[in-house]
Amino acid sequence: MSIGKVLLVGAGPGDASLITVKGLLAIREAQVIVHDRLVNLELIAQAPANCQIINVGKNSNHHPVPQEHINQILIDHALAGKNVVRLKGGDPYVFGRGGEEAECLAQHNIPFEIVPGISSSIGGLAYAGIPVTHRHFASSFHVVTGHMCQGNEPQNWNALAQLDGTLIVLMGMSRQEEICQRLIKGGKSPDTPAAAVMYASQQQQEMAKGTLSTLKDEIARKKIHAPALLVIGNVVNLSDVLAFTSHPIDINHEPLLQAI
Ligand code: SAH
């Protein structure tokens, strides 16, 4: 029996229709789908009826499936000759340990492909009316994690505070107040515009907007929680003008392209 292939597919930021054409076709042909918690269930519903669906997302008790176990699931199904889709939120290589999974497949000589996705860090913010760069306001953007790795501070916030570009923090909501304080201490003006965007590109999308010093109050007032993107920089102010209502597209629609 020949070995199956694993496709690491980016599901996009939330709105199901933001997956790539290649990603959607891969789901429609998958024999096994291994997915994370943040993946839109409308996408899973595109799988064939006999496809095995395995949810390896962290549940509400924060019991994640250990990474080694996920790697083993991918290897075992590929060795059993199955076409496996490893479906991850946003882009598979922007956090979420996609690189480690691909390394593991390479080590085991399992054929794989990457199907990039729209990262929430860029596309999700666009849905909130925030362009990550703008000729007049930001000539770079920096995407960082706020998540503490085994109790260690992941970032040099003093160094990040010195950058003029847009700063985007993923997995930062549980420490949002501390992160804003650290950036102020590092030299960023307390008046720097800042926002938190929850469920970006999805129907429940909500945003809290303020400055580095007021964001925590706005987050509390608007009850913003994870999953959310923290974004700091002058581009945040553009959201007043650039916010839009998206036109939903049904991914069941055939032919797809005529729906646009
Ligand atoms: N690979 C993903 C990121 C994985 S890390 C990507 O490219 O988007 C998970 C973090 O991404 C979450 O904690 C949150 O900060 C952010 N995130 C992902 N989807 C989001 C969404 N729809 N709205 C807001 N934040 C999101």
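Student: Which residue in E5 stands opposite Leu-8?
Tutor: This is a predicted model, numbered from 1 along each chain as its sequence is written, and side-chain values use heavy atoms, without hydrogens or water. Local features need pLDDT of at least 70 and side-chain atom pairs 80 or more, while totals for chains, interfaces and linings use all residues. Opposite Leu-8 stands Ile-114.

Student: Which strands are the edges of the sheet?
Tutor: Five parallel strands form an open sheet, ordered E3-E2-E4-E1-E5. Two of them pair on one side only: E3 (52-55) and E5 (112-115).

Student: At what angle to E1 does helix H4 run?
Tutor: H4 (residues 98-107) lies across E1, E4 and E5; helices are DSSP H or I runs of at least four residues. Axes are lines fitted to C-alpha atoms, for helices over the stretch in contact (heavy atoms within 4.5 Å), with angles from 0 to 180 degrees between N-to-C directions. The angle to E1 is about 170°.

Student: How far from Asp-15 is the nearest side chain of opposite charge?
Tutor: Asp-15 sits in the loop between E1 and H1. Arg-28 is the nearest opposite charge, at 13 Å.

Key: Helix = DSSP H or I, 4+ residues; strand = E, 2+ residues; numbered from the N terminus. Buried < 20%, exposed > 50% of the residue type's maximum accessible area, 1.4 Å probe, protein only. Lys, Arg positive; Asp, Glu negative; His and termini not counted. Salt bridge = Lys/Arg side-chain N within 4 Å of Asp/Glu carboxyl O. Pairing = 2+ DSSP bridges.
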